Structures are given as structure tokens and as C-alpha cells.
Amino acid sequence: GGGREQQETHLRLHFEQATAVAPAYTDPSPADKSPPAGTPQETPAAEPPQQQVQQNGIANGSGRKRNTAGKKLALILDIDATIVQAVKADYLSYTPNCSDFFDEYGQPEMYRFTLPQTKQMNYYLKLRPGLRRFLQELSQFYELSLYTQGLREYVDVILAVLDQDKQLFGDRSVCVCVCT
């Protein structure tokens, strides 16, 4: 029906848009941090706000500060259609070539997988462009966790792709299956 055609068109657009290559990250600061000879020395910049928050605590709604010294704040990331897009292969009118999708590190951005309870059904998983760099940068300031309305096995696939050594998420994930 019309709903399935709209969904296929939406998914095709999503996969086509995902092929756009994100510009490579370049450090805006020069490699040599020392000023040229004869340049007056500048006063060091204030600490970045993230470090101040971690050292000084966070003001809550009552105006009191909660002590966060030495702790990272929790950040829960929704998996579904946020950091990744997963779709049943049957929903697509074409077969994506997973080897066409790589991130700026040369690692795959698209995967084909099956879940244990549906071994005859194939799924495609597409990472949001720049996701690995995004997660690495956030993990410096936050304790990352995952949230999904899918199955535990689905989260296991995501973790196998993004965090094999459990450095980013550890075992922190919440699965609230609303599967019908």
C-alpha cells in the first residue's frame, strides 16, 4: 500500500543521504603551540566549561550544587533512528552494498545482520555519519549508556559494532521491548 511505498522512499533517501562524505576533522590549532620569537606571551585561557562543571558540581533546580567532582555525568543515547538506522531487508526494494559505506577512519558504517530468533530474516544497520568520533569525544565527559525499545539481542549487535572492548558503554544499556 501507500504506507509501505512511503517508508521505502524514506529509507532509500536515508541511505542515499548517508553516502555523503562528512569532511574530515582537522585540528584548528597549529601543530606547533609555541608562539613565534618576540611574540608577547598570552595569559592562559580559562578552563573549559566541562572541566569546571566536573570540578565544581552542578546547580540543581533548587540552586544547590550537587557534587560531581571526579565523576562523569550520565548521558543516555537512544539507538533507534537516532545514532543508527536499522531496517528489515524485506522493506527495501534494492540491496545496499555494505562495502560502499565507510567512516573517516576507514571503518564500516553499514552492516547486515540477523537476530537469533529470526535467523532467516536479514536486517541492515547504518551508523549515523561521524558517530564513532562523536562517541569518542563525548566519552571524555560523560558515562555513556544506550536505550532502545528493541530486543536485548539488537543492543548486542550495536555493541559488537561500536564497542567491542566495552570502553564506551561497558554494560550500560536499557532495553524496553515494545515488540508486537
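**View 1. Ala86 and its partner across the strands.** In this predicted model, Ala86 has Leu125 of strand S6 as its bridge partner. That pairing belongs to a set of five bridges joining S4 to S6, two strands that run antiparallel.

View 2. Look along S6 and see which way each side chain points. Tyr123, Leu125 and Leu127 point one way, while Tyr124 and Lys126 point the other way, and all of them are buried. Why can S6 be called largely enclosed by the rest of the structure? Because five of its five residues are buried.

**View 3. The largest nonpolar core.** In soluble globular proteins, nonpolar side chains tend to be buried together. Here, the largest nonpolar core has 23 residues, and those with the most contacts inside it are Ile79, Val84, Leu135, Leu146, Ile158, Leu162 and Phe169. Strand S6 (123-127), helix H3 (131-139), strand S7 (142-148) and helix H4 (152-162) each supply at least two residues of this core. Which of these elements gives the most? H4 does, with seven residues. Zoom in on Phe169 to meet its partners: beyond its neighbours within four places in sequence, Phe169 touches Leu77, Leu135, Leu144, Ser145, Leu146, Leu159 and Asp163. There is also a second, separate core of six residues, among them Cys98, Phe101, Met110 and Tyr124.

**View 4. The buried residues of helix H4.** An α-helix has 3.6 residues a turn, so residues three or four places apart point the same way. Keep that in mind while tracing the buried residues of H4, which are Tyr154, Val155, Val157, Ile158, Leu159, Val161 and Leu162. What do they pack against? Their partners are strand S4 (84-88), strand S5 (110-113), S6, H3, S7 and strand S8 (173-175).

View 5. Three strands make an open sheet with parallel pairing, in the order S3-S7-S8. Strand S3 (73-78) and S8 are the edge strands, each pairing on one side only. From one strand to the next, the twist averages 20 degrees. Six bridges hold the parallel pairing of S3 and S7, and Leu73 has Tyr142 in S7 as its bridge partner. Helix H3 lies across S3 and S7, running at about 130 degrees to S7.

**View 6. Cysteines without a disulfide.** How many disulfides does the structure hold? The count is zero. Take Cys175: its sulfur is 8.6 Å from the closest cysteine sulfur, that of Cys177, which is too far for a bond. Is Cys98 buried or exposed? Cys98 counts as buried because its relative accessibility is 19%, under the 20% limit. Cys175, at 27% relative accessibility, counts as partly exposed.

Methods:
Residues are numbered from 1 along each chain as its sequence is written. This is a predicted model: local features need pLDDT of at least 70, side-chain atom pairs count only at pLDDT 80 or more; totals for chains, interfaces and linings use all residues. Side-chain values use heavy atoms; hydrogens and water are left out. A nonpolar core is a set of buried Ala, Val, Leu, Ile, Met, Phe, Trp, Tyr and Cys residues joined through side-chain atoms within 4.5 Å. Buried means under 20% relative accessible area, exposed over 50%, partly exposed in between (1.4 Å probe, protein chains only). Helices (H or I, at least four residues) and strands (E, at least two) are DSSP runs, numbered from the N terminus. Contact means heavy atoms within 4.5 Å. A disulfide is a pair of cysteine sulfur atoms within 2.5 Å. Two strands pair if DSSP finds at least two bridges between them. Axes are lines fitted to C-alpha atoms, for helices over the stretch in contact, and angles run from 0 to 180 degrees between N-to-C directions.
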